[in-house]
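Please walk me through this chain, from its overall layout to the packing inside it and then to a few single residues.

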Amino acid sequence: MIGRTATVARERWPAGEFHVGDAYELPLETGSVTYYRADKVLHMLDDPARAVAEARRVLAPGGRAVLLGQDWDTIAIDSDEPETTRRLVHAKADSLPSPRVARRYRNLLLDAGFTDPVAEVHTAVFTDYTAYALLQRITDEESWLAEQAERARANRIFVVVPMFLVAAQGWRPTWIEARRGGARVGRPPPTSPAPGRPALPGERTAPPRISRWPVIL
Ligand SMILES: C[S@@+](CC[C@H](N)C(=O)[O-])C[C@H]1O[C@@H](n2cnc3c(N)ncnc32)[C@H](O)[C@@H]1O
């Protein structure tokens with residue numbers, strides 16, 4: 001499958017440069033790329049956090065990562081058999097290594113040290129035979145699919161897939177400069193709640209101390 005993706009990519013963009021590799025160990029130099037995108041990939045991995053750490057490794061100062069994909073538990077399908085539908089959707093989700101990783105994209109990026117995450121959810125609505133093809137990838141249960149086929153014929157098929165997208169900043173140039181200058185690199189100090197917002201458990205309520213390493217921020 002990985003090889004086929006590379007073949008299709010080379011056909012579409014003959015001038016591009018493509019490498020086949022594992023998301024856990026990209027065949028790229030540290031800090032060598034300006035943009036990273038994993039499109040409907042992380043749900044295939046047992047350890048998505050490891051892939052996100054690898055993304056950060058290869059990003060150059062100022063580079064950005066984008067993760068996108070569906071949350072396999074939140075597919076909505078109109079059906080005369082809602083309980084069977086729920087069972088089939090969840091069974092498909094449970095067959096995947098990381099079915100709910102999309103709702104964790106933002107936290108994965110933050111945990112890996114990315115900053116300034118921007119999260120969006122775009123809803124894909126399928127009302128034609130594309131929907132039926134999608135459902136065939138979810139289950140092969142014939143009686144349930146027969147109802148959906150009839151719906152497709154009668155223009156009554158309705159499948160909704162929320163697509164999650166989170167973009168975030170990798171190394172900031174200032175962090176790299178701090179490292180080059182020998183300054184200590186660490187996480188920014190925890191923030192206080194914004195004025196008017198109640199403090200969360202464990203959150204500091206005093207005004208933040210001026211950091212000894214302002215260049216890191
Ligand atoms: C649903 S496809 C998405 C392909 C493509 N990004 C797209 O949007 O059409 C999932 C892809 O993840 C790839 N994949 C699975 N495990 C991988 C791994 N450990 N490292 C890199 N790619 C992997 C598969 O080969 C497959 O091409």
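The model is predicted. Its secondary structure consists of seven helices and five strands. Read from the N terminus, the order of the elements is α-β-α-β-β-α-α-β-α-α-β-α. The chain has 217 residues, of which 18% are buried. Of the contacts that link residues at least 6 apart in sequence, 73% are between residues at least 24 apart.

In soluble globular proteins, nonpolar side chains tend to be buried together. Here the largest nonpolar core contains 20 residues. Those with the most contacts inside this core are Ala 55, Ala 65, Leu 67, Tyr 105, Leu 109, Val 166 and Ala 168. Two or more residues each come from strand S1 (33-39), helix H2 (48-58), strand S2 (59-70), helix H4 (105-111) and strand S5. The most is given by S5, which supplies four residues. Leaving aside residues up to four places away in sequence, Ala 55 touches Tyr 36 and Ala 65. Another core, of 11 residues, lies apart from the largest one. Its members include Trp 72, Leu 88, Val 89 and Ala 131.

Ala 131 leads on to helix H5, which spans residues 129-138 and has Ala 131, Leu 135 and Ile 138 as its buried residues. Viewed down the axis of H5, these buried residues fall within an arc of 45 degrees, so they line one face of the helix.

Two packed helices are described by the angle between their axes and the distance between the axes. For H5 and H6 the angle is about 170 degrees and the axes are 9 Å apart. An angle over 145 degrees counts as roughly antiparallel, and H5 is therefore roughly antiparallel to H6. In this contact, H5 contributes Tyr 129, Ala 131, Tyr 132, Leu 135 and Gln 136, while H6 contributes Leu 145, Gln 148, Ala 149 and Ala 152. By type, the contact residues divide into seven nonpolar, two polar and no charged.

Some single positions remain. Val 20 sits in the loop between helix H1 (2-12) and S1. Is this residue, with 11 other C-beta atoms within 10 Å, buried or exposed? Val 20 is exposed, because a residue with 12 or fewer such neighbours counts as exposed. Its C-alpha atom is separated by 9.8 Å from that of Thr 7, a residue 13 residues apart from Val 20 along the chain.

Asp 116 belongs to strand S4. Its phi is near 50 degrees, a positive value in a residue other than glycine. Asp 116 counts as exposed, with 11 C-beta neighbours inside 10 Å. Asn 155 likewise has a positive phi, of about 60 degrees, although it is not a glycine. Asn 155 is in the loop between H6 and S5, and it is exposed, with 9 other C-beta atoms within 10 Å.

Definitions and conventions
Residues numbered from 1 in each chain as written. Predicted model: local features only at pLDDT ≥ 70, side-chain atom pairs only at ≥ 80, totals over all residues. Arc of directions from axis to C-beta. Contact = placed C-beta atoms within 7 Å. Core = buried A, V, L, I, M, F, W, Y, C linked by C-beta atoms within 7 Å. Axes fitted to C-alpha atoms, helices over the stretch in contact; angles between N-to-C directions. Parallel < 35°, antiparallel > 145°, perpendicular 65-115°, else oblique. Nonpolar A, V, L, I, M, F, W, Y, C, P; charged D, E, K, R; others polar.
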